[in-house]
Amino acid sequence: MPDVHAATMAPIAIASLAALVGLFAVLDARDGDRRAALAGLRPGALLAARLGVLALAALLATAVSLATTASFFNATRWPTYAAANALIALTYGLIGALLAPIFDHVGGVFMAFLLPFLDIGIVQSPMLHPEPATLANLLPGYGSSRVLLDAALTRGFDELTPLLIAIGWLVALLIIVAVAYRRTTVPAATGAIDVVTAPQG
């Protein structure tokens, strides 16, 4: 149990930090990105820049958390364990980006801590649930958590299906974030252009 507990602490912290990064990377840049789109920058390029910042910060949080974890826990397969944590970071970074337009700053920060704790810390926890419940299979942390525990505690890899589920979540969230970003950036720019170019009098 001490090994299981140590293995599952890092991803909770990583997911929360990544969600905060996603929240503020999108929320605080929203008005500036609208003005940039109005000035003629392509929304796709703006989104790529925001996602690049999000990914870099999420991976940095992962590296720091894993360095701390390594001082008291030794995963059986470190490369896979680190990759699973990075997958969790990117997934919850995108979830944080989706929290921004819904909850704003205060509510978004609360949700950025609450969601990873409920998902990874409680529902996916092998200490509370020896076998994943039905709800666990439906949450974004399921696939990554299964891969993470497999890498932390066993020498072989037999979690291909959870890995594919985790990648599927990542792709789906990326698409949703792209659509939501475009809707919050492009319409404002288009409306402003229409006002500027409308005939006078």
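**Exercise 1. Which span should the 12 residues of α6 have at 1.5 Å a residue, and how far apart are its end C-alpha atoms?**

*Solution.* The model is predicted: local features require pLDDT of at least 70, side-chain atom pairs count only at pLDDT 80 or more, and totals for chains, interfaces and linings use all residues. Residues are numbered from 1 along each chain as its sequence is written, and side-chain values use heavy atoms, with hydrogens and water left out.

Step 1. Helices are DSSP runs (H or I, at least four residues), numbered from the N terminus. The expected span of a helix is 1.5 Å times one less than its number of residues.

Step 2. For α6 this rule gives 16 Å, and the end C-alpha atoms lie 17 Å apart, which agrees.

**Exercise 2. Apply the span rule to helix α3 (residues 43-69).**

*Solution.* The 27 residues of α3 should span 39 Å at 1.5 Å a residue. The end C-alpha atoms of α3 are 38 Å apart, so the two values agree.

**Exercise 3. Describe the packing of α3 against helix α4 (residues 78-123).**

*Solution.* Step 1. Two packed helices are described by the angle between their axes and the distance between the axes. Axes are lines fitted to C-alpha atoms, for helices over the stretch in contact, and angles run from 0 to 180 degrees between N-to-C directions.

Step 1. The axes of α3 and α4 are 9 Å apart, at an angle of about 135°.

Step 2. Angles under 35 degrees count as roughly parallel, over 145 as roughly antiparallel, 65 to 115 as roughly perpendicular and the rest as oblique. The two helices are therefore oblique to each other.

Step 3. On the α3 side, the residues in contact include Leu 54, Ala 58, Thr 62 and Leu 66; on the α4 side they include Tyr 81, Asn 85, Ala 89 and Gly 93. This contact has 14 nonpolar, 4 polar and no charged residues. Here Ala, Val, Leu, Ile, Met, Phe, Trp, Tyr, Cys and Pro count as nonpolar, Asp, Glu, Lys and Arg as charged, and the others, Gly among them, as polar.

**Exercise 4. Describe the packing of α4 against α6.**

*Solution.* The axes come within 7 Å and cross at roughly 145°. Among the residues in contact, α4 supplies Tyr 81, Asn 85 and Asp 119, and α6 supplies Ser 144, Leu 148 and Ala 152. The residues divide into 10 nonpolar, 4 polar and 1 charged.

**Exercise 5. Is Ile 14 buried or exposed, and which residues does Ile 14 contact?**

*Solution.* Step 1. Ile 14 lies in helix α1 (residues 2-27). Its relative accessibility is 0%, so Ile 14 counts as buried.

Step 1. Leaving aside neighbours within four places in sequence, Ile 14 contacts Ala 61, Thr 62, Ser 65, Asn 85 and Ala 89.

Step 2. The C-alpha atoms of Ile 14 and Ala 58 are 7.7 Å apart, although 44 residues separate the pair in sequence.

How values were computed
Buried means under 20% relative accessible area, exposed over 50%, partly exposed in between (1.4 Å probe, protein chains only). Contact means heavy atoms within 4.5 Å.
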